[in-house]
Amino acid sequence: PADPQQGKAARRRFIFWDPDANTWYQAAVGSKIKLGHVADALDDVFHEVGTTRDFDGGFFGVPLPQEARAAYRFIDANGVMWELMCLAIGHSGSPELCQLLAATIAGHPDYAEVPLQLSRPHSTRVHIDDIGIRHARCDTDVVAAFFAEREALFGVRWKASTFQTGSEKYVFLGLLWDHRLKTIGLSEKFREKLRAAFAALRNGTLTYAELESLSGRLIYAACALRQPLAAYYLTMKGMRRVFRRDVQLTDVVSFEQVPLLKLNIERWICRLLAEPVPLKRMRGKRVAWLFTDASLRGWGAVLVTSSGKVFILGKSFRGTYTSGDSTYLEALGLAHAVAALQPTLIAEDIGTLHVIVDNMALEAGLRRGVARSVTVNAALLRGLLVLRPLGIAVTARYIASGANPADCISRGEPVDWEKLSVAVEEVERLGGSACRAFPKSTTKSH
C-alpha cells in the first residue's frame, strides 16, 4: 500500500504467527489444491506435439452466503456502508479455484470423472488457467474436438494469443517447448523481462520491487532448465541479505554491503539467456528409495529398488569432526552414497530416487534445492551434480533416527535386520516390491 505522507511503497514486512494461528489458518482457508512444480512437466517434451489453451473467464451473479458477506463491505461517498450479496461482475477466482475449474474442464484425471477425460493416450498439465495437452500427432483432430466440446459444454472462452493446436513448437508456462528438437528454453516474453532487468542492473536503476520479481523469475527459470539451485547459493543469500534492511520497495537497490551480488545476478541471467538446452529424458520408470545417515565415524546407506533388490554400503570419513558438523556430515554422506551408487542407479534404470534422511535441515535443503549453510550446500551440490547427468528426479522425506536402517551402518555396527525389514515393508506400502527375506536376498556392498 502507498504511504500518503511519503508517497513511497511500504517496505516488505515478515509477519510470524504462533503455531496455533497457523494451524487454524491452514484448516480454515489453507489451500488443498496442489499447483504442482514445473519440473514435473518437463518430460512432456518427448511427446510428438502439444495443444494449449488459456482459460479466460470471470464470475457473474454468483451469490455470497450470509457469513461471507462481511468480507465484501465498502463505504460510499455519503458514508453509507454497503454489503455485496453476490460477487462483482468480472470478479476472478483464487489460483486454487481457477486450477480446479481449468483441470475439470481439461479432463484431468485427478479432478474429472472418466466420462469427462480424453480417451486417447496423452499428458494433461494444468497450472491455474493454463491448459496443455501433449499427444501424438495423429490425435490432433481428436484433441481439437475435445476442446471444442468443452467450450460448448461449459461455456468457456480461450485467449486467442495462446491458442495452439497440434504444434511442435509453442509457449507454455513461460517456456518455449520444441517437440522436434526435444529442447526447452525460455519464451521471448520471459527473455525480454530478464534483458530489461539486466539493463537496469547495468544502469543502476533496478528497484527493490523489481529485484524481488527478478529473484522469483531466476529461481523458476533455473528449475525449468534443470539447473541446481545449490549452484546459486551465494546469489540467493545475497538477495535475502539485501531485503533485511529497512528499505522502500521503490528505492534503487544498493549493492554496497554485497558488492559481488550485482555481478552474480548478471552471470545468472546470462546463463539463463543461453540457447535452449536439449532435455535428457528421465531414466526408466523404476523407483528407488535411498536411506542415508552419518555419524562422526562414517556414513551408511541402504538402497531399495522397486525391482526387489536391496544394496547396503558405508564407509568411514577421513578427518576429524565434532558434533557441530552433524548436518554437514549428513550431506557429505549423501554425496558419497550417491557417487558410490551411480553405476547401480544406471544398471537398475532408476528414474525417481526418494532420498530418506533423519536430519530435518538436510531434508529441507533437498526440498528447496539449496541449503542454508555454505558448507552443507557445497556437500549437497556434490550429490546433485552426480544425479543431474543421469536425469534422475529426486524427492526428500524424513524418517526418525531410531527407524533409519542406515543409522547402525554409519556407526560401524552390524546391520539391524529387523529395522531394515520394517523399512522395506514401509517402502512396499509406498509402492515398492522389495523382497522381505533378510539377509539372504540382500546384496551387500562395502
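What is the relative accessibility of D349?

Reply: First, the ground rules. This is a predicted model, in which local features need pLDDT of at least 70, side-chain atom pairs count only at pLDDT 80 or more, and totals for chains, interfaces and linings use all residues. Residues are numbered from 1 along each chain as its sequence is written, and side-chain values use heavy atoms, with hydrogens and water left out.

D349 has a relative accessibility of 30%, so D349 counts as partly exposed. The scale is this: buried is under 20% relative accessible area, exposed is over 50%, and partly exposed is in between, with a 1.4 Å probe and protein chains only. D349 sits in the loop between α8 and β15 (350–357). Helices (H or I, at least four residues) and strands (E, at least two) are DSSP runs, numbered from the N terminus. The backbone of D349 deserves a check: phi is near 55°, a positive value in a residue other than glycine. Most residues other than glycine have a negative phi.

Now step back into α8. This helix covers residues 326–347. The axis of α8 comes within 8 Å of the axis of α10 (residues 374–387), and the two cross at roughly 10°. That makes α8 roughly parallel to α10. Angles under 35 degrees count as roughly parallel, over 145 as roughly antiparallel, 65 to 115 as roughly perpendicular, and the rest as oblique. The axes are lines fitted to C-alpha atoms, for helices over the stretch in contact, with angles from 0 to 180 degrees between N-to-C directions.

Which residues meet in α8 and α10? From α8 come T327, Y328, A331, L332, A335, H336, V338, A339, Q342 and L345. From α10 come T375, V376, A379, L380, R382, G383, V386 and L387. Contact here means heavy atoms within 4.5 Å. By class, the contact of α8 with α10 has 12 nonpolar, five polar and one charged residues. Ala, Val, Leu, Ile, Met, Phe, Trp, Tyr, Cys and Pro count as nonpolar; Asp, Glu, Lys and Arg count as charged; the others, Gly among them, count as polar. An α-helix has 3.6 residues a turn, so residues three or four places apart point the same way.

R372 lies in the loop between α9 (360–368) and α10. R372 has a relative accessible area of 62%, so R372 is exposed. The C-alpha atoms of R372 and A230 are separated by 9.8 Å, although the two residues are 142 apart along the chain. A364 belongs to helix α9. At 24% relative accessible area, A364 is partly exposed. A364 and Y398 are 34 residues apart along the chain, with C-alpha atoms separated by 9.2 Å.

In α6 (residues 233–242), Y233, T235, M236, G238, M239 and V242 are buried. The cover over these buried residues includes α5, α7 (261–272) and α10. α5 spans residues 208–224, and S215 is found there. S215 has a relative accessible area of 17%, so S215 is buried. The side chain of S215 reaches the backbone oxygen of E212 at 2.6 Å.

L173 is in the loop between β8 and β9. With a relative accessible area of 17%, L173 is buried. β8 (residues 169–172) and β9 (residues 175–178) run antiparallel and are joined by four bridges. Two strands pair if DSSP finds at least two bridges between them. K169 stands opposite D178 in β9. β8 and β9 form a hairpin with two residues between them. β9 goes on to β10 (residues 183–186), again with four bridges and an antiparallel run. W177 has I184 in β10 as its bridge partner. The hairpin of β9 and β10 has four residues between the strands, and K182 in the turn has a positive phi of about 55°.

Last, the whole chain. It has 12 helices and 17 strands. Of its 446 residues, 42% count as buried. Residues 24 or more positions apart account for 70% of the contacts with a separation of 6 or more.

Notes:
Polar contact = N/O pair within 3.5 Å; in protein donor to acceptor, adjacent residues only side chain to side chain.
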